[in-house]
Amino acid sequence: MRVRSVAGLLAVAVVAAAGCQADPEGGSGQQGVDQPNESTPAPDATEGIEPELAEFYTQTLDWESCGESFQCATATVPVDYADPGGETIELALLRSPATGEERLGSLLVNPGGPGASGVEYAQLAGSVVTEQVRERYDIVGFDPRGVGQSAPIDCLDDAQLDEYLAGDPSPDDDAEISALQDAAEDLAAGCATRSGDLLPHLGTTNVARDLDVLRAALGDERLNYLGKSYGTYIGALYADEFPDRVGRLVLDGAIDPTLTGDELALGQAHGFERALSAFLAWCFQQDSCAVGSSEAEAQDAIEGLLAQTDQEPLPTDDENRPLTESLAFYGLILPLYLTADEGYPPLNEALDLALTENDGSLLLTFADVYLERNTDGEYTGNQNEVISVVNCLDHPEVATVDEVRAGLPVFEEASPIFGPFLAWGGLTCGPLLDDTGQDPAGEPTPSAPTTADGADPIVVVGTTGDPATPYEWAQELAGQLSSGVLVTYEAAVHTAYLAGSDCVDEAVDAYLIAGTVPEGGLTCAA
């Protein structure tokens, strides 16, 4: 949900920003062990499930080659689990077969979002898990319902999406508030017109149930799963619903499932402010820091840049797309997701270009990577629409203008730069919930803790300087889960596994491969 809450960065965007590109045709350069063209359902596939769902749990997956070392298939799931005899949809799957002979089963992966493509993520198998894990597991990515190739929803065409994403995210007067509300209405109307029947069924509880169907259809008695960012929410809900089917679950960059939508947004305001401070500490040590030599100077410079883009967008190398305040926000946050080596020098360069040459081109490029917008003006996926719908369904809380105004000081105190953007996002859900036929929750109330009583050990990984999923959320989730084990990475980056720490990687690999649970309280330094 881009306007209300930025829950995670597309994995493909992160890899692209770091200088790597997915190659769905060429694969990863290493062939997997031959796999049969059909998956045999798990022996106990129908144990403990409603008889009406048996056909989904016992379905056969037909795999076809879709690149040098990849196989693709689709799985059928009900649109509405309360009506399994009703309409169905197809979920897209991509498998990168295990490269070794001693296969442990499937490792399902999800990169986050909501709205990121697991199919595209699995194409990057060599960047998703270590080679040791690839030897033992088929890496299986899936597009969650409504995403990518899985009955994708559509709300706005590319030109309309350009306008929506470039709109003023932090209105200063009644006219700008009305414009923000109109944009939310237009998004909701487009979703209802183009994808109305599926919209009410896109919540994460349904994705978690889909995950269990996939587990059974893949032939696995228990779920082995790597979820990052929003993908941890899918995994946590799965564990709570199906604790006896939990295998080896790694939840990296965790979300606290008890938080309301406003609490998630406020947590991210703190998280992005913390990540910005880490960047500034690095920047002040460089020969040239674009925003000055002190916190006060930097705050003034960045706030001034956003204020300027609010009043008069900066020119870019695309004369039809100046850098608005919203696009500047996305351009600022993308490098903060990355490691210091990957993200900080480009961000310093982009800020220098904007502040000294009045040129927003590089920040616009970062925004486009974050939003999955190609240079030809087309958007690669539909995450920018899915994220709003899913987050509103998961947190059906509707804020009024007066309520947002009343809460603004708290958000501004958390982050003068990022707080207002995240606060005003609370206006998005009203129109979407109306058009999905959902009743708003009224006064926001926390969800019950996710305990997964009886589940095998679940590894939760948190990064102390994570901007989008603050470390405190990982602490809370690990504490809620009856078998949760927390691994801490002391660094400023979004998610920890394969982010540069041998300590984290070795702990996760030992758990996935040998079932060795990390020692409680394991902390890994950057």
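Phe272 has 0% relative accessibility, so Phe272 counts as buried; the cut-offs are under 20% relative accessible area for buried, over 50% for exposed and partly exposed in between, with a 1.4 Å probe and protein chains only. Tyr337, at 1% relative accessibility, is buried too. This is a predicted model, where local features need pLDDT of at least 70, side-chain atom pairs count only at pLDDT 80 or more, and totals for chains, interfaces and linings use all residues. Residues are numbered from 1 along each chain as its sequence is written, and side-chain values use heavy atoms, with hydrogens and water left out.

Now for the rings. The structure has 13 aromatic pairs, meaning Phe, Tyr or Trp rings (six-membered ring for Trp) with centres within 6.5 Å; planes under 30 degrees apart are stacked, over 60 edge-to-face, the rest tilted. Two of the pairs are these:

| Pair | Geometry | Centre to centre | Angle between planes |
|---|---|---|---|
| Phe272 and Tyr337 | edge-to-face | 6.0 Å | 70° |
| Phe279 and Tyr344 | edge-to-face | 5.5 Å | 75° |

Phe272 sits in helix H10 (residues 261–283) and Tyr337 in the loop between helix H12 (325–336) and helix H13 (340–357), so their pair ties together parts 65 residues apart in sequence. Helices here are DSSP runs of H or I, at least four residues, numbered from the N terminus. Phe279 is in helix H10 and Tyr344 in helix H13, so this pair also ties together parts that are 65 residues apart in sequence. Phe279 and Tyr344 are both buried.

Phe272 and Tyr337 also belong to a cluster linked by ring pairs, along with Phe329, Tyr330, Tyr370, Phe418 and Phe421.

Technical notes:
Helix = DSSP H or I, 4+ residues; strand = E, 2+ residues; numbered from the N terminus.
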